[in-house]
Amino acid sequence: QVQLVESGGGLVQVGGSLRLSCAVSGSILRLDYMRWYRQAPGKQRELVAGVVSGGEISYADSVKGRFTISRDNVKNIGYLQMNNLKPEDTAVYYCNGGIRLVGKPGIYDRWGQGTQVTVSS
């Protein structure tokens, strides 16, 4: 059973930094796309950043210049580096990945369990 396992959340002060990780557990062919979403209390889940297999990267306007998405294609791990954090960044962060399996066609969409990020002022 292929899963995405997140780590790296926590409590940080305004202006601080955190790095979230999203590791693929299980044997796969490769990680096709990786996205990070977040959901704050009482709000809808929003897309924060994404990277596709060709390397094209996109960010929500609210995080441009502060967050950086990256991936290790050998270890099949995705990262979200978050700098200059603000109270409005407080949310549960979820990774979402498209996975290609050995010997099986198509892309399997998987979600991580979520990790809490809290920015205190």
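Helices (H or I, at least four residues) and strands (E, at least two) are DSSP runs, numbered from the N terminus. The model is predicted: local features need pLDDT of at least 70, side-chain atom pairs count only at pLDDT 80 or more, and totals for chains, interfaces and linings use all residues. Residues are numbered from 1 along each chain as its sequence is written, and side-chain values use heavy atoms, with hydrogens and water left out.

**Exercise 1. The whole chain**

Task: Describe the secondary structure and the overall dimensions of the protein.

Solution. 
Step 1. The protein has zero helices and 11 strands. Read from the N terminus, the order of elements is β-β-β-β-β-β-β-β-β-β-β.
Step 2. The radius of gyration is taken over C-alpha atoms, and the globule rule is 2.2 Å times the number of residues to the power 0.38. For 121 residues a compact globule would have a radius near 14 Å, and the protein agrees because its value is 14 Å. Along the principal axes, the C-alpha atoms fill a box of roughly 50 × 25 × 25 Å.
Step 3. A residue is buried under 20% relative accessible area, exposed over 50%, and partly exposed in between (1.4 Å probe, protein chains only). Of the 121 residues, 42% are buried.
Step 4. A contact means heavy atoms within 4.5 Å. Among the contacts with a separation of 6 or more, 56% join residues 24 or more positions apart.

**Exercise 2. An aromatic pair**

Task: Which residues form the aromatic pair, and how are their rings arranged?

Solution. 
Step 1. A pair of aromatic rings is described by the distance of the centres and the angle of the planes. Rings of Phe, Tyr and Trp (its six-membered ring) pair if their centres lie within 6.5 Å; planes under 30 degrees apart count as stacked, over 60 as edge-to-face and the rest as tilted.
Step 2. The structure contains one aromatic pair. Its members are Tyr37 and Trp111, with ring centres 5.0 Å apart and planes at 45 degrees, so the pair is tilted.
Step 3. Tyr37 belongs to strand β4 (residues 30–39) and Trp111 to strand β10 (residues 108–111), so the pair ties together parts 74 residues apart in sequence.
Step 4. Tyr37 is buried because its relative accessibility is 17%, whereas Trp111, at 37%, is partly exposed.

**Exercise 3. Charges over rings**

Task: Which arginine lies over the face of Trp111, and which one over the face of Tyr33?

Solution. 
Step 1. A charge sits over a ring if NZ of Lys or CZ of Arg is within 6 Å of the ring centre and within 35 degrees of the ring normal.
Step 2. Arg45 is placed over the face of Trp111, 5.0 Å from the ring centre.
Step 3. Arg35 is placed over the face of Tyr33, 4.2 Å from the ring centre.

**Exercise 4. Positive phi angles**

Task: Where do Asn76 and Asn84 lie, and what are their phi values?

Solution. 
Step 1. Most residues other than glycine have a negative phi, and most peptide bonds are trans.
Step 2. Asn76 is in the loop between β7 (67–72) and β8 (77–82). Its phi is positive, about 55 degrees, although Asn76 is not a glycine.
Step 3. Asn84 is in the loop between β8 and β9. The phi of Asn84 is also positive, near 50 degrees.
Step 4. Asn76 is buried because its relative accessibility is 13%, while Asn84, at 42%, is partly exposed.
Step 5. Beyond four places in sequence, Asn76 touches residues including Cys22, Ala23 and Val24.
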